Amino acid sequence: MPEAIPVIDLRDSEHGPKARAGFLNRLRAAVHDIGFFQLTGHGVTGAAELLDLTRRLFSLPESEHAALDVLNSPHFRGYSAMGRERTRGIPDQRRQLDIGPERPARSPGPGEPAYQWLVGPNQWPAALPELRPAVLAWMDRLTSLSHRMLRLILESLETPEGFLDDVVTPEPQIHFKLLHYPGPDATAGSVPKGDGAGTHKDYGLLTLLVQDDKGGLQVAVEDGHFVDVPVLPDAFVVNLGELLEVATRGYLKATVHRVVRPAPGVDRYSMPFFYSPRLEASVRPLPSRYVSAAGGVTVDPDNPLFACYGDNVMKGLTRGFPELIARHHPTW
């Protein structure tokens, strides 16, 4: 049973055929055996500066946060107070700002799928104007890196590297979160139940995470045993989403993970970036010998997997934001 989270250096893919073959073998083992790895050598800078902006965001007065309340957005964009988002019905013990591609507001027309509500504008703090350009630039950089990693994963499975290009072009669906996990108040009479983020899987293709030095991310390996993801400076924690499990007929798994709450008095900050197909796009099985021999996706009546990304993400949002659904989408 793998106990360590593999470390993959992206520079090894560029040092000639022998080094590239070794890189692809290590990458295939990482995504197949555990579905999580730490990516170094990626050349993306600016994480420390954006983490600092994240800390400043959550240090703003609550009146500034209230102006960005996600409950005011039918597009699921904005600020969530502690416990606003739920995982498996249990309130997550974190605060967050949900951000996506900057688009004009629209509502689905007759016969259009509900997931079209996910197209719309973001909400930005007036007191921190530098956040918007920094986040949008970061999202562009991570979109490029995610696309590169997706093609390398396909190459590691002996699939044409561009096989999924059509589901992420011209623009993939991007979702970005700025997260604050405050430790519980040691003086409080009772502590709310729940993890910082409850046990879950991600919905799309790839997640790239920047975490601070506090740790807390845990990954379920064989038999539901959770292991800690070490803090590795300047690395992205990369994990697979459910759409890659669908595309590989279960050869790759969207691995269950969670975030435990920090200790009292400790604040944890992180920045997950989710890279997914276009909302209306569906993935199809990869033409790979590994995929052909796979046994199929995880069967979970409580969490069916859908090949269309819009359908797959909506199952989670409707459960995760019941108050927003009740306010804006009561007929769903």
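# Strands and aromatic rings in a predicted model

Strands β7 and β14 (residues 267–276) pair in the antiparallel sense, with eight bridges between them. Here strands are DSSP runs of E of at least two residues and helices are runs of H or I of at least four residues, both numbered from the N terminus; two strands pair if DSSP finds at least two bridges between them. This is a predicted model, in which local features need pLDDT of at least 70 and side-chain atom pairs count only at pLDDT 80 or more, while totals for chains, interfaces and linings use all residues. Residues are numbered from 1 along each chain as its sequence is written, and side-chain values use heavy atoms, with hydrogens and water left out.

**Around strand β7**

- Nine of the ten residues of β7 (residues 173–182) are buried, so this strand is largely enclosed by the rest of the structure. Buried means under 20% relative accessible area, exposed means over 50%, and partly exposed lies in between (1.4 Å probe, protein chains only).
- On the β14 pairing, His175 stands opposite Phe274.
- Strand β7 also pairs with β6 (residues 95–99), again in the antiparallel sense, over five bridges.
- Across that pairing, Ile99 stands opposite Phe176 in β7.

**Ile99 and its surroundings**

- Ile99 belongs to strand β6 and counts as buried, at 0% relative accessibility.
- Leaving aside residues up to four places away in sequence, Ile99 touches Arg77, Asn122, Trp124, Val135, Met139, Ile174, His175, Phe176 and Leu178. Contact here means heavy atoms within 4.5 Å.
- The C-alpha atoms of Ile99 and Gln123 are separated by 7.8 Å, and the two residues are 24 residues apart along the chain.

**A four-stranded open sheet**

- An open sheet of four strands runs in the order β8-β13-β10-β11, with antiparallel pairing.
- The edges are β8 (197–200) and β11 (226–228), each with a single partner strand, so one side of each is left without a neighbour in the sheet.
- From one strand to the next, the twist averages 20 degrees. Axes are lines fitted to C-alpha atoms (for helices, over the stretch in contact), and angles run from 0 to 180 degrees between N-to-C directions.
- Two bridges join β8 to β13 (residues 257–259), and these strands run antiparallel; Ala197 stands opposite Val259 in β13.

**Aromatic pairs**

- The structure holds seven aromatic pairs. Rings of Phe, Tyr and Trp (its six-membered ring) pair if their centres lie within 6.5 Å, with planes under 30 degrees apart counted as stacked, over 60 as edge-to-face and the rest as tilted.
- Phe76 and Phe321 have ring centres 6.0 Å apart and planes at 70 degrees, so their pair is edge-to-face.
- Phe76 lies in the loop between α3 (62–66) and β3 (78–80), and Phe321 in the loop between α8 (309–320) and α9 (322–328), so the pair ties together parts that are 245 residues apart in sequence.
- Phe76 is buried at a relative accessible area of 5%, and Phe321 is buried at 2%.
- Phe76 also pairs with Trp332: their ring centres are 6.4 Å apart and their planes at 20 degrees, so this pair is stacked.
- Trp332 lies in the segment after α9, so its pair with Phe76 ties together parts that are 256 residues apart in sequence.
- Trp332 counts as partly exposed, at 37% relative accessibility.
- Phe58, Tyr79 and Tyr269 form one aromatic cluster.

**Charges over rings**

- Arg258 lies over the face of Phe226, at 3.7 Å from the ring centre. The criterion is NZ of Lys or CZ of Arg within 6 Å of the ring centre and within 35 degrees of the ring normal.
- Arg284 lies over the face of Phe163, at 4.2 Å from the ring centre.
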